Amino acid sequence: MMADDAASAALGIELTELAEGRADCRMTVTEQMVNGHALCHGGYVFLLADTAFACACNSHGPVTVAAGAEITFVSPARAGEVLTASARERTRYGRSGIYDVTVRGEGGRVVAEFRGRSRTLREGA
């Protein structure tokens, strides 16, 4: 999946770990990712978390997409900082699942907490 993810590749997002129901990704915050307050724009933090979520929920094989997600921003990130997103499956039921993603900055500081809800597509959908 990551090989065909042009959006993540354009932002330099790397998949660093993948196992069934889990994935870790990292991204370096660039100058182009900062907002008017010189902080990493929240959309980029969300995108990093969403990428880790997508990798984790697709680790089971069938095509799985986001049914919804929410994020809580905890602390700011700045240009030059390396962010890591760790996605972990909480539960799967039928074609649905719930995944939690923690985004951390340097020193292990929590930058954001993300919860994603997944839905596995039916074959041929």
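**Close-up views of the predicted model**

**View 1. The hairpin of S5 and S6.** In this predicted model, the hairpin formed by S5 and S6 has 5 residues between the strands, and Gly-107 takes a positive phi near 80 degrees there. The two strands pair in the antiparallel sense over 9 bridges.

**View 2. The hairpin of S4 and S5.** S4 and S5 form a hairpin with 2 residues between them, and Gly-94 in the turn has a positive phi of about 60 degrees. The strands run antiparallel and are joined by 9 bridges, one of which is represented by Thr-91, whose bridge partner in S5 is Ile-98. S5 itself is mostly covered, with 7 of its 9 residues buried.

View 3. Thr-102 lies in strand S5, which spans residues 96–104. Its relative accessibility is 16%, and because the cut-off for a buried residue is under 20%, Thr-102 counts as buried. The side chain of Thr-102 makes a polar contact with the side chain of Glu-113, at 2.9 Å. Leaving aside residues up to four places away in sequence, Thr-102 touches Thr-84, Ala-85, Ser-86, Val-110, Ala-112 and Glu-113.

**View 4. The largest nonpolar core.** This core holds 26 residues, of which Met-27, Val-45, Leu-48, Leu-83, Val-101 and Val-103 touch the most other members. Two or more residues are given to the core by each of strand S2 (22–28), helix H2 (42–57), strand S4 (82–93), S5 and strand S6 (110–120). The largest share, 8 residues, comes from H2. Not counting residues up to four places away in sequence, the residues touched by Met-27 include Leu-11, Ile-13, Met-33, Tyr-44, Leu-48, Val-82 and Leu-83.

**View 5. Helix H2.** H2 has 16 residues and reaches 22 Å from its first C-alpha to its last, which is close to the 22 Å expected at 1.5 Å a residue. The buried residues of H2 are Val-45, Leu-48, Ala-49, Thr-51, Ala-52, Phe-53, Ala-54, Cys-55, Ala-56 and Cys-57.

Conventions
Residues are numbered from 1 along each chain as its sequence is written. This is a predicted model: local features need pLDDT of at least 70, side-chain atom pairs count only at pLDDT 80 or more; totals for chains, interfaces and linings use all residues. Side-chain values use heavy atoms; hydrogens and water are left out. Helices (H or I, at least four residues) and strands (E, at least two) are DSSP runs, numbered from the N terminus. Buried means under 20% relative accessible area, exposed over 50%, partly exposed in between (1.4 Å probe, protein chains only). A polar contact is a pair of N or O atoms within 3.5 Å; within protein, one must be able to donate a hydrogen and the other to accept it, and residues adjacent in sequence count only if both atoms are side-chain atoms. Contact means heavy atoms within 4.5 Å. A nonpolar core is a set of buried Ala, Val, Leu, Ile, Met, Phe, Trp, Tyr and Cys residues joined through side-chain atoms within 4.5 Å. The expected span of a helix is 1.5 Å times one less than its number of residues. Two strands pair if DSSP finds at least two bridges between them.
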